[in-house]
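Let's take a walk through this structure together. Please have the sequence and the 3D view open, and follow along from one part to the next.

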Amino acid sequence: MAKEITSTSVEKEAKKKEMILFLSNTAEREHFLSKNNRKLLSDPLDDNNPITVQVLGICSALAITVQLEPAVVMALAVTAVMAFSNMIVSILRNLIPNRIRIIVQLIIVASLVILVDQVLKAYAYDVSKQLSVFVGLIITNCIIMGRLEAFALGNGVYKSFLDGIGNAAGYGIILIIVAFFRELLGSGKLFGFEVLGHKAATMAESTGLYSFGYENNGLMLLSPMALIIVGILIWVQRARNRKLIEQN
Amino acid sequence: MEEKAVNKTNSNGYTFMFAIIMVVVVGSVLAFAATSLQPLQNENVRQEKMQNILATVGIEVDRAGSEELYNQYITETIALNSDGSVNEQADAFTVDLAKELKRPAPNQVFPLYIADIEGEKYYIVPLRGKGLWDAIWGYIALKDDVNTIKGAVFDHKAETPGLGAEITQVWFRERFTDEKIFDESGNLIGVSVVKGSPDPTDKSDFKVDAISGATITGDGVSDMISERLQHYLPYFKTQQEIKVAIQ
C-alpha cells in the first residue's frame, strides 16, 4: 500500500518536472521574471534589436511610418501575432514534422494575421483602413519567421512567449521612433495634431513655426527617408553601445 | 527514445496526418471568426457610407450617429438606368458602383441620393475613378440648380500617404464648395484639379488648386467628377424643378 503511494508520487513528480521542462526548457523551476527571462525581453530592445542590429523587417518599417498612429497599431498587431505564434509553435515543437516545419509556421502566422485583420475591421475600422494591406503583410515579416525558427522550435512555451514580446517590442520601438520624426518633420503633426502650428495658404495667416516661414519637408513622406532615419538610429545606437561595432 | 520520436515525426504518414489535421483546425477557426465578425464589419461599412453621404451636405457626424441623421435628412434614394429613367427594382443604397461599372454600359444602374435639409434640396452623386495606385471614390452634392457644388468627400484604396491620400482631408474637400460645373451655355465642364494656385475665390473658373506631389491622384479626381456626372444629365433634364439649361 505504502509502496504504491510512493510510486504514484514519484510518477507525479516526474510529470511535474516534464511539464516545467516543456514550459521553460530548464529542469529547475525558475522565477517567472528571473534574470534570464528578463533578458529575453530586454535584449531585443537594444543589443539585439531586430531592425537596427539584425536589419530584419525593414520593408514594413518603410511603409507604415509616415504617421504615428498606424505605426503604433502596427507595433501592437505585430506583438500579438509574434507572441502567440511563438507560443503555438513552441507548444507544437515536438509534434511538428521537420520536413514541413516552415509551411506549418507560415500557416500559423498567416491565420493569426487574418484573425488580427478581421478583429481590427470589426472593432477598429478606421485604423484598419489606414493600415490596409500592411496588416496582411505581417505574414511576410521576416522577424516573425526568424524567431520561430531560431527560438520557438527549441525553447519552452513561456520563454518563447517572452521572446516574441521582446522582439516585437524591439521592432515596434524603432517603428514608433521613425514615425515620430517622419510625421513631425513631414507634416508638422503628431498623432494628427498640428504641434508646429497651423499652415495656411499664406505666411501671414499661418500660426506657430509656419508664421516664420517654416516649411514641411515633403521628402520625409517618401519611403527612402525611413531608411535614412533607420540609418541614423543605427549610428546613434552604436555610438552609445560600443560592443555592437564590428572589429575589422 | 529521442531517436524514436524523431523517426515518428519524420514518417510520411505522420507528416500527411499532421498537415491534414492542421488545415482542418486552422480552417474552422478562421471560418468561425470570419462569420461571427461579419455583421459588425458590414455595419461599419454601411455606417461609413452614410457618414460620407452626410458629409457632402455639410453634416459631420461620427460613424455611430450617422444612421439616425441619414434617415432624417436623406429623403429619397433612387437608382437610375443609363437613359435617365428610374429603375424601380434596384435598391439604390446597396448598389455597388464598382460592380456596375464592370457591366455593359446599357445595363448599368446608378444610385442618386436626394437630401432635404431645412427645405433646401440637394442631389448627391456617388463617384468612382482611378487614382495613381488604385481606385478612388467619393460623393459629390449639388445644390438644387444642379450647377453649384454643395460639398464633396473623397476616399481612396491605396494612394500615397501624405500625398495622394490627402484627398480625404477636409481642407482639400472644401476647395470644391460653391464651384460651378456647367458653363454659360449649359455644357458640363466639371471641376478640374490644377497646378498653379487658381484663384480660390473665383467659383466659376471650373478649377481648384491641386495637392503638390499628387498630380495623378488630382487628375483622377477631375476625371471622376466629369465622367460620373455626365451619366446623370438625362435624369436632370427630365426634372421640371431644375432650372439650368443643360445641353
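The paragraphs below go from confidence to the chain contact, then to the sheet and a few individual residues.

Before anything else, keep in mind that this is a predicted model. Its overall scores are an ipTM of 0.70 and a pTM of 0.74. Chain B has an average pLDDT of 86, and 94% of its residues score at least 70. Within chain B, the mean confidence is lowest in α1(B), at 61, and highest in β5(B), at 93. Where pLDDT is low, the predicted coordinates should not be read in detail.

Now turn to the place where the two chains meet. Here 22 residues of chain B are in contact with 23 residues of chain A. On the chain B side, α1 (2-10) and α2 (12-56) each supply at least two of the residues that touch chain A. The largest share comes from α2(B), with 14 residues. Which classes of residue make up this side of chain B? There are 15 nonpolar and 7 polar residues, and no charged ones.

UniProt, in an unreviewed entry, annotates residues 12-34 of chain B as a transmembrane region. In the model, residues 12-34 of chain B are 100% helix and 0% strand, with the end C-alpha atoms 33 Å apart. For chain A, an unreviewed UniProt entry places transmembrane regions at residues 71-92, 104-125, 131-148, 160-181 and 218-236. Two of these can be set beside the model. Residues 71-92 of chain A are 95% helix and 0% strand, and their end C-alpha atoms lie 31 Å apart. Residues 104-125 of chain A are likewise 95% helix and 0% strand, with 30 Å between the end C-alpha atoms.

Let's move on to the sheet of chain B. It is an open sheet of 6 strands in the order β2-β1-β3-β4-β5-β6, with antiparallel pairing. Which strands stand at the edges? They are β2 (86-87) and β6 (149-156) of chain B; each has a single partner strand, so one side of each is left without a neighbour in the sheet. Further in, β1 (residues 74-81) and β3 (residues 109-117) of chain B pair in the antiparallel sense over 7 bridges.

B:Trp137 has B:Asp155 in β6(B) as its bridge partner. The hairpin formed by β5(B) and β6(B) has 6 residues between the strands, and B:Val146 takes a positive phi near 45 degrees in this hairpin. Is β6(B), although an edge strand, enclosed or open? 7 of its 8 residues are buried, so β6(B) is largely enclosed by the rest of the structure. The helix α2(B) lies across β1, β3, β4 (120-130), β5 (135-142) and β6 of chain B, and runs at about 145 degrees to β6(B).

Most residues other than glycine have a negative phi, and most peptide bonds are trans. B:Glu118, in the loop between β3 and β4 of chain B, has a positive phi near 45 degrees. B:Glu118 has 5 other C-beta atoms within 10 Å, so it counts as exposed. B:Asp178 also has a positive phi, of about 75 degrees, and sits in the loop between α5 (170-174) and β7 (192-194) of chain B. Is B:Asp178 buried or partly exposed? With 14 other C-beta atoms within 10 Å, B:Asp178 is partly exposed.

B:Glu120 lies in strand β4 of chain B. B:Glu120 is exposed because it has 11 C-beta neighbours inside 10 Å, and the cut-off for exposed is 12 or fewer. B:Glu120 is 74 residues from B:Val194 in sequence and 31 Å from it in space, C-alpha to C-alpha.

Finally, an unreviewed UniProt entry carries the annotation "domain: FMN-binding" for residues 131-232 of chain B. In the model, residues 131-232 of chain B are 21% helix and 22% strand, and the end C-alpha atoms are 22 Å apart.

Key. Residues numbered from 1 in each chain as written. Chains lettered and ligands numbered in written order. Predicted model: local features only at pLDDT ≥ 70, side-chain atom pairs only at ≥ 80, totals over all residues. Contact = placed C-beta atoms within 7 Å. Helix = DSSP H or I, 4+ residues; strand = E, 2+ residues; numbered from the N terminus. Nonpolar A, V, L, I, M, F, W, Y, C, P; charged D, E, K, R; others polar. Pairing = 2+ DSSP bridges. Axes fitted to C-alpha atoms, helices over the stretch in contact; angles between N-to-C directions. UniProt positions renumbered as here; feature names shortened; annotations may be inferred. pLDDT = per-residue confidence, 0-100. Buried ≥ 20, exposed ≤ 12 C-beta atoms within 10 Å, placed from the backbone.
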